Amino acid sequence: MITLLRKQRYFIDYTLGTMMRHKGKSLGLLSVYTMIIFMLASVMLFSHAMRSEAVALLADSPEIVVQRIQAGRSVMVPADYLQRIGKLRGVTEKRGRLWGYYYDPAVKANYTVMASEQDQLTINDIVIGEGIGRTRGLSVGDYLTLRSHEGKAFSFRVSRLLESESELISSDLLLMNPQGYRQLFGIDESLYTDLVLSVRNPREIQKIAEKLTRLLPDSRPILRSEILRTYESLFSWRQGVMLILLLGSVLAFVIFAWDKASGLSAEERKEIGILKAVGWETGEVMRMKFWEGVIISLMAFLIGYLAAYLHVFYTSAGLFEPVLKGWSVLYPSFQLTPSVDGLQLATLFFFTVLPYTLATIVPVWRTSITDPDLVMR
Amino acid sequence: MKRSNTFFVCLLLLLTGFMASLVDVASESGQGLPQAPESAELVSRLGLTDLSLFTEARYTRHPSQADIHSAFQDHPVALEHFPTGSLLQPPMGLLR
Amino acid sequence: MLIELTDVRKAFNQGKPNEFWAIQGITTQFEVNRISCLKGASGSGKTTLMSMIGCLSRPTSGRIRLQDRTISSLPERFLTQVRRHTFGFIFQRFNLIPGLSVVENIMLPAYPLGLKASSLRSRAERLLEQFLLVDKASNPVEWLSGGEAQRVAICRALINDPQILIADEPTANLDSRLSREFMVLLDQLSKAGKTVLISSHDPVVFDSPVVDRVVELEDGLMVSGEG
Ligand SMILES: Nc1ncnc2c1ncn2[C@@H]1O[C@H](COP(=O)(O)OP(=O)(O)OP(=O)(O)O)[C@@H](O)[C@H]1O
Ligand SMILES: [Mg+2]
């Protein structure tokens with residue numbers, strides 16, 4: 001057993017020596033390989049962490065949102081729908097929400113404007129998300145002027161900024177007094193944007209939704225489970241420009257690695273001949289080459305993974321920002337909670353380390369079962 | 001011998017880093033999300049339904065609230081030139 | 001250890017239009033503890049014959065026996081064992097592995113034995129001393145002169161303490177002074193109990209007084225030097 005381990009150690013020594021012979025080439029290969037793993041692992045870690053983060057953040061979102069559909073479009077809900085719903089069993093709370101969008105031409109950004117009762121804002125006060133503060137350069141005490149539906153300019157005083165920890169859900173929020181909201185957008189007292197129902201027992205949600213559609217035929221309930229499922233499939237493998245872009249580079253690398261690993265140069269072939277002539281078995285030559293593959297791919301895997309880990313969780317996935325940001329002007333700055341999906345990690349491992357290692361061994365096997373007498377020539 | 005020692009040291013360092021990352025994950029997930037208390041409060045107080053991640057257009061900001069009966073309008077599967085559409089699936093409710 | 005060849009033949013590309021019989025029936029014996037030399041024009045089949053004796057290739061027909069074992073029909077697995085423990089090879093082009101140091105090149109044949117590092121090292125050091133290479137031990141082999149490279153090749157051939165040394169034109173890349181020195185080294189080895197088989201068309205080698213027997217090949221046949 002110890003002999004066996006010692007042998008492997010000698011093989012590793014040997015293969016490192018021969019790899020160092022072409023230092024630039026080996027290091028180049030290692031770094032390209034590492035880059036690929038880094039990109040793949042970054043996408044993997046990021047999308048997984050983002051999904052679990054989203055699901056965790058939205059765990060408390062309303063159990064049921066009721067929209068009203070008129071002529072195929074969602075429209076404001078009359079306040080008396082709350083009365084029409086009446087007392088449904090299992091519904092612990094029901095209220096109307098007032099929200100919408102405001103396009104700010106000054107910075108070409110879309111804000112999400114929401115009326116908030118609980119903040120007890122005066123009609124001239126607003127609370128804004130960090131993202132708006134950053135983009136417009138606003139801090140507490142500053143004034144933000146919004147244009148009303150009649151074209152009048154309303155000035156609001158920023159009374160508070162939302163906690164920066166919550167940016168992932170609140171970056172573009174603009175909270176104001178419900179009265180102010182109605183005046184700004186010209187919305188009648190009797191209307192809400194949508195209704196929100198709280199349900200205590202999750203098993204009743206489906207039944208309540210059915211009752212709702214019977215009570216209010218022009219309504220459309222959206223369940224929390226649907227919201228969560230939407231975010232569970234965020235950046236799923238099926239889509240992603242990033243993945244498609246990556247695919248190109250991965251393929252290029254596969255060709256490169258295949259060429260490097262599988263095409264034995266005359267030099268390497270000769271080397272195998274020498275090893276066999278001095279008494280190495282075919283299996284031993286292969287084990288030596290196996291270590292070459294393992295060293296390169298394992299190092300690349302570990303370095304790439306670690307770099308991706310730091311990139312995603314400690315530098316806020318800075319490289320992905322341009323892609324995620326797209327055309328948005330407001331982009332939340334957030335720190336993802338480290339989370340790793342073991343299965344994904346194992347998949348990445350098997351799809352990178354194994355093929356490369358195999359690609360190094362197979363051609364050696366073909367060469368080393370032939371007679372080694374070519375070294376004599 | 002020297003070379004393999006260097007290699008083993010490197011490998012050990014990397015494996016330690018790997019383990020450290022797993023430990024990091026375990027410890028962080030034990031604590032819950034760092035932004036959890038503030039965010040959870042906001043979400044339930046305001047009844048928030050979506051991440052403020054895709055703010056580029058009205059119909060990408062609240063994908064889970066997308067309009068159901070108006071295909072190709074105000075809809076995340078509408079033809080659009082924003083990258084969001086390639087990052088985000090249509091809401092699950094619409095796919096059934 | 002006696003090497004016995006019975007009607008050994010070797011064809012290249014057998015069955016194809018370019019079929020070529022490099023060895024056309026050789027029957028002879030090489031005795032233990034002797035230095036035997038194969039001589040002959042280029043292309044006469046010296047290398048081909050030696051690679052068959054050294055288990056690097058197989059004869060197309062005929063038999064090669066090593067003491068009481070017919071090595072020409074052993075399966076590959078056993079051939080490796082025979083190669084490892086019985087033969088040491090010195091090649092015309094030295095065939096050292098670049099990128100490794102002198103001492104690593106010397107230890108190469110012993111790696112698969114899985115010896116302890118210290119005993120492996122001491123084996124190599126004994127040889128380095130014997131062949132005056134101690135101060136070069138950790139140099140990369142690319143830095144060596146031809147004579148030094150040849151001595152390293154000899155060390156490598158000796159590390160597993162083989163009974164038979166096979167040297168294919170070992171002096172082709174050496175000048176006549178170094179060639180003579182090489183023959184002296186061979187003489188020492190044969191005195192120490194090794195059987196040496198050497199091929200050459202260099203008069204310094206086959207006319208050397210240390211050579212016990214010269215076998216002449218021509219077009220794959222033995223023309224003189226019956227033992
Ligand atoms: N793999 C091969 N395929 C075809 N012909 C071969 C092969 N190997 C050797 N030969 C031929 O066999 C003959 C003998 O070759 P060999 O190498 O044994 O000669 P040699 O006596 O060692 O010559 P030299 O002194 O030049 O080294 C040559 O004519 C050579 O062309
Ligand atoms: Mg020859």
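Me: In which strand is the place of Val91(A)?

Reply: The model before us is a predicted one. Val91(A) sits in strand β4 of chain A, which covers residues 91–97.

Me: Is Val91(A) buried or exposed?

Reply: The test is the relative accessible area, and buried means under 20%. Val91(A) has a value of 18%, so this residue counts as buried.

Me: Which residues does Val91(A) touch, leaving aside those up to four places away in sequence?

Reply: Its partners on that basis are Leu197(A), Ser198(A) and Ile208(A).

Me: Let us turn to the domains. What does the domain assignment give for chain A?

Reply: The assignment gives domain 1, made of 7–58 + 230–376, and domain 2, made of 62–223. Between the C-alpha centres of these two domains of chain A there are 48 Å. In the contacts between them, 10 residues of domain 1 meet 14 residues of domain 2.

Me: Which residues touch the most other members in the largest nonpolar core?

Reply: That core has 138 residues, and the ones with the most contacts to other members are Phe46(A), Met50(A), Trp280(A) and Leu51(B). Helix α11 of chain A, residues 282–314, supplies the largest share, 17 residues. Both domain 1 and domain 2 of chain A give residues to this core, so the core lies between them.

Me: What does Leu51(B) touch, again not counting residues up to four places away in sequence?

Reply: In chain A, Leu51(B) touches Met50(A), Ala54(A), Leu57(A), Leu58(A), Leu168(A), Ile169(A) and Tyr231(A). In chain B, the partner of Leu51(B) is Arg61(B). Apart from this core lies another, of 39 residues, including Tyr102(A), Tyr181(A), Leu195(A) and Val199(A).

Me: How many helices and strands does chain B have?

Reply: Chain B has 5 helices and 0 strands, and its pattern along the sequence reads α-α-α-α-α. Of its 96 residues, 47% count as buried. For contacts in chain B between residues at least 6 apart in sequence, 33% join residues at least 24 apart.

Me: Which residues line the second largest cavity?

Reply: Chain A contributes Val278(A). From chain C come Arg83(C), Arg84(C), Phe87(C), Gly88(C), Phe89(C), Pro109(C), Arg156(C), Ala157(C), Ile159(C), Asn160(C) and Pro162(C). The elements giving two or more residues to this lining are α2 (76–86), β6 (87–90) and α5 (146–158) of chain C. Of the elements, β6(C) gives the most, with 3 residues. By class, the lining has 7 nonpolar, 2 polar and 3 charged residues.

Me: Which residues are buried in α2(C)?

Reply: They are Leu79(C), Thr80(C), Val82(C), Arg83(C), Arg84(C) and Thr86(C). Their cover includes α10 (266–277) and α11 of chain A, together with β4 (61–66), β5 (69–70), β6 and β7 (164–168) of chain C.

Me: How much space lies in the second largest pocket?

Reply: That pocket holds about 500 Å³ of space. It is lined by 21 residues, with Leu40(A), Val250(A), Val254(A), Phe351(A) and Thr352(A) nearest its centre. Two or more lining residues come from each of α2 (23–57), α9 (241–262) and α13 (342–368) of chain A. By class, the lining divides into 18 nonpolar, 3 polar and no charged residues.

Me: Finally, the backbone angles. What phi does Asn95(C) have, and where is this residue found?

Reply: Asn95(C) has a positive phi of about 55° although it is not a glycine. Asn95(C) is found in the loop between β6 and α3 (102–107) of chain C, and is buried, with a relative accessible area of 5%.

Me: Where is the place of Leu132(C)?

Reply: Leu132(C) is in the loop between α4 (117–130) and α5 of chain C. Leu132(C) also has a positive phi of about 55° without being a glycine. At 66% relative accessibility, Leu132(C) counts as exposed.

Technical notes
Residues are numbered from 1 along each chain as its sequence is written. Chains are lettered from A and ligands numbered from 1 in the order in which they are written. This is a predicted model: local features need pLDDT of at least 70, side-chain atom pairs count only at pLDDT 80 or more; totals for chains, interfaces and linings use all residues. Side-chain values use heavy atoms; hydrogens and water are left out. On a 1 Å grid over the protein atoms alone, a cavity is a set of points where a 1.4 Å probe fits but cannot get out, and a pocket is an open set with protein on both sides within 12 Å along at least five of seven lines; lining residues have an atom within 4 Å of a point. Helices (H or I, at least four residues) and strands (E, at least two) are DSSP runs, numbered from the N terminus. Ala, Val, Leu, Ile, Met, Phe, Trp, Tyr, Cys and Pro count as nonpolar, Asp, Glu, Lys and Arg as charged, and the others, Gly among them, as polar. A nonpolar core is a set of buried Ala, Val, Leu, Ile, Met, Phe, Trp, Tyr and Cys residues joined through side-chain atoms within 4.5 Å. Buried means under 20% relative accessible area, exposed over 50%, partly exposed in between (1.4 Å probe, protein chains only). Domain bounds come from an automatic or database domain assignment. Contact means heavy atoms within 4.5 Å. Grid points are joined across faces, edges and corners, and a volume is the space filled by probe spheres set on the points.
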